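Thanks, everyone. I have one structure for you today, and I will keep this short. Please have a look at the screen.

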Amino acid sequence: MRRILIDECINPRLAPRLRSLLPDSSVETVRDIGWSGQKDHVLVRQIEGRFDVFVTIDKGFEFEHSLKRFSFGIVVVTTANNQMQSYDRLLEELVRQIDVVAPGQAVHVIDPA
């Protein structure tokens, strides 16, 4: 079972979609667990050991931190906007990357539109 955390900058309606597509995984949002407003360096410490995958739209995240030492993988999502239609276009690829991203690795899922 993969433990997935969705960053607060992502449309929260993505979480239930991922829960239905990844029934054997745990999908939480930063908002749901009360971590909203945390600086990245604080959030990283909280994610360590608790989650396997962090999904974010923060393109700088992978360059601002030393990923190799992370116990979780990062999926950076690039969408045209924060509407669910944009996420719907990349759901299949997002699920695939969540399944394969390794600890200390960052992968990108880009909206084809």
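Let me begin with a pairing. Which residue is the bridge partner of I74 in β5? Keep that in mind for a moment.

A word on the source before the answer. This is a predicted model. Mean pLDDT for the protein chain is 92, and 100% of the residues score at least 70. Strand β1 has the highest mean, 98. Helix α3, residues 61-64, has the lowest, 77.

The partner of I74 is A106. That bridge belongs to a set: strand β4, residues 73-78, and β5 run parallel and are joined by five bridges.

Now stay on β5. Which of its residues lie on the covered face? They are V107 and V109. The uncovered face carries A106, H108 and I110. So much for A106: the partner of I74 sits on the uncovered face of β5.

Next, the whole sheet. The sheet is open and has five strands, paired in parallel. The order reads β2-β1-β3-β4-β5. Two strands form the edges: β2, residues 26-29, and β5, residues 106-110. Each of these pairs on one side only. From one strand to the next, the twist averages 20 degrees.

Now zoom out. The chain has five helices and five strands. Along the sequence, the pattern is β-α-β-α-β-α-β-α-α-β. Why call the chain as compact as a globular protein of its length? Because its radius of gyration is 13 Å, close to the 13 Å that the globule rule gives for 113 residues. The C-alpha trace spans about 30 × 30 × 25 Å along its principal axes.

A few totals to finish. Of the 113 residues, 46% count as buried. Take the contacts with a separation of 6 or more: 55% of them come from residues 24 or more positions apart. The chain exposes about 5900 Å², and carbon and sulfur atoms supply 49% of that area.

That is my tour. Over to you.

Technical notes:
Residues are numbered from 1 along each chain as its sequence is written. This is a predicted model: local features need pLDDT of at least 70, side-chain atom pairs count only at pLDDT 80 or more; totals for chains, interfaces and linings use all residues. Side-chain values use heavy atoms; hydrogens and water are left out. Two strands pair if DSSP finds at least two bridges between them. Helices (H or I, at least four residues) and strands (E, at least two) are DSSP runs, numbered from the N terminus. Axes are lines fitted to C-alpha atoms, for helices over the stretch in contact, and angles run from 0 to 180 degrees between N-to-C directions. pLDDT is the predictor's confidence in each residue, from 0 to 100. The radius of gyration is taken over C-alpha atoms; the globule rule is 2.2 Å times the number of residues to the power 0.38. Buried means under 20% relative accessible area, exposed over 50%, partly exposed in between (1.4 Å probe, protein chains only). Contact means heavy atoms within 4.5 Å. Accessible areas come from the Shrake-Rupley method with a 1.4 Å probe; for residues, only the protein chains shown count as cover.
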